[in-house]
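Here are some notes for your review of the model below.

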Amino acid sequence: MKIYLVGGAIRDQLLNVPIKDRDWVIVGATEKMLLDLNFKKVGKDFPVFLHPISHEEYSLARIDRKSGFGYTGFKTNYSKTVTLKEDLSRRDLTINAIAQDNRGNYIDFFGGLKDLKNRILRHVSCSFCEDPLRIFRIARFSATLNHFGFQIASETMQLMISMVKSKELLYLTKDRIWRETEKACNTNNPHVYFQILYHCNALSIIFPEINYAYQYGSQNINKYFPEKHYRFNFFIEIAKISRLNTGIDIRFAYICAIICHAKIFNTHAFLFKTNNKIFGILIEKLCNRLRIPAYIKDLSIIFSKNVQFLSIIYLQSSKNIVLFLNQIDAWRKPNRVKKLSILIDLYMFSCMKLDILDLYHGNFLRSVFNVSNKVSIKPIISVGFIGIKIRHELIRLRIIAIDKWRKKFSILRTI
């Protein structure tokens, strides 16, 4: 029985970045042998075990054979006769197919060390095309390692394009796609993830709204703004915002807002300008289709529906502001106000092409919320209001509170 460190741990070690997880492969062993050594089995389909002390993952060397569609259609052989080379050959990229023995020696059957040095993302073998999820993994690795200068090998990109043509992507579960997307959105360069999907033609299949925003929305917006200093590009907008905020809910909600921003300037612009509910429906369908977590979905829908309102919030009546805060359930979920204030500042900076990140819109939103939130319900009840009249009186008093603050605020701004 021989044990080897494999995969991402070696890649990260050679790139001098923190190692998140260490995975091990065991050659020449059986399931019974590991259970007798107090390893705990955790995988039903694959022979994965947890070390009794370190709790790191150990897998028996295995060979996968394609037997169906998607990423689940595989038959697995994990007998003790499977070699290390056979196990590594089923991995996605050469830089993830390097092993290290207990003496520290690297075992590199597929040129991973050379590709790591030359900053190339290259598939290990033709078995790469058997798992369509690998298209999204490659896109995510491109985003993760972009700052190192990694590029996808041309033959690997061609293989990805042919995989998209085979329509294998349609057999992937949305949960798996979102998992890779979520990881990509947590990198420093999430725009690269969507760029790669665009170049291999997967974007139009999985993210048609984003594909439209890049391919057609950019053209339409630039027709309205022919000035050279204003050149809208979806991927550039995502890159700019990602440098300013790392929250995945903020980033994805902003992506959704740009989708709507691009949609405004299509041939039916009048329809979208007069009915922002269409934006909410559009983004809700996108989030439901991809099974995006509720906290990201809710923020994305709220911001997309109200981005135009928020872009001129300081011109809105106090009544409309209070009704808006009611609508988004701000009193019970004040964190939404904080998130929306961040988003509108980012939106004004990027999409509206402000020269600097002006925090006026966000500060205004937070201020009017804080002022109106100080209005207590207890005095209202104590003077005899009941039922729906409590709500109406609360709205009235909050409007008065905002009006008073605005008068004071306007005086201070003129001093």
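1. A salt bridge here is a side-chain nitrogen of Lys or Arg within 4 Å of a carboxyl oxygen of Asp or Glu. By that criterion, Asp 87, Arg 90 and Arg 91 form a linked network. Within it, the side chains of Arg 90 and Asp 87 meet at 3.3 Å, N to O. Asp 87 is buried, at 0% relative accessible area, and Arg 90 is buried at 14% (buried is under 20% relative accessible area, exposed over 50%, partly exposed in between; 1.4 Å probe, protein chains only).

2. The model is predicted: local features need pLDDT of at least 70 and side-chain atom pairs pLDDT 80 or more, while totals for chains, interfaces and linings use all residues. Residues are numbered from 1 along each chain as its sequence is written, and side-chain values use heavy atoms, with hydrogens and water left out.

3. The whole structure holds 17 salt bridges. One of them joins Arg 137 and Asp 92 at 2.7 Å, N to O. This pair spans 45 residues, from helix 5 (residues 133–144) to the loop between helix 3 (84–89) and strand 8 (99–100). Asp 92 is buried at 5%, whereas Arg 137 is partly exposed at 23%. Helices (H or I, at least four residues) and strands (E, at least two) are DSSP runs, numbered from the N terminus.

4. Glu 31 and Lys 41 also meet in a salt bridge, at 3.2 Å, N to O. Glu 31 lies in helix 2 (residues 31–36) and Lys 41 in strand 3, 10 residues apart. Glu 31 is partly exposed at 25%, and Lys 41 is partly exposed at 30%.

5. Seven strands make an open sheet of mixed pairing, in the order 3-4-5-2-1-8-9; strands pair if DSSP finds at least two bridges between them. Strand 3 (40–41) and strand 9 (106–107) are the edges. Strand 3 runs antiparallel to strand 4 (residues 48–50), joined by two bridges, and Lys 40 has Leu 50 as its bridge partner.

6. In helix 16 (residues 318–327), the buried residues include Ile 321, Val 322, Phe 324 and Leu 325. Asp 329, just after this helix, has a positive phi of about 60 degrees.
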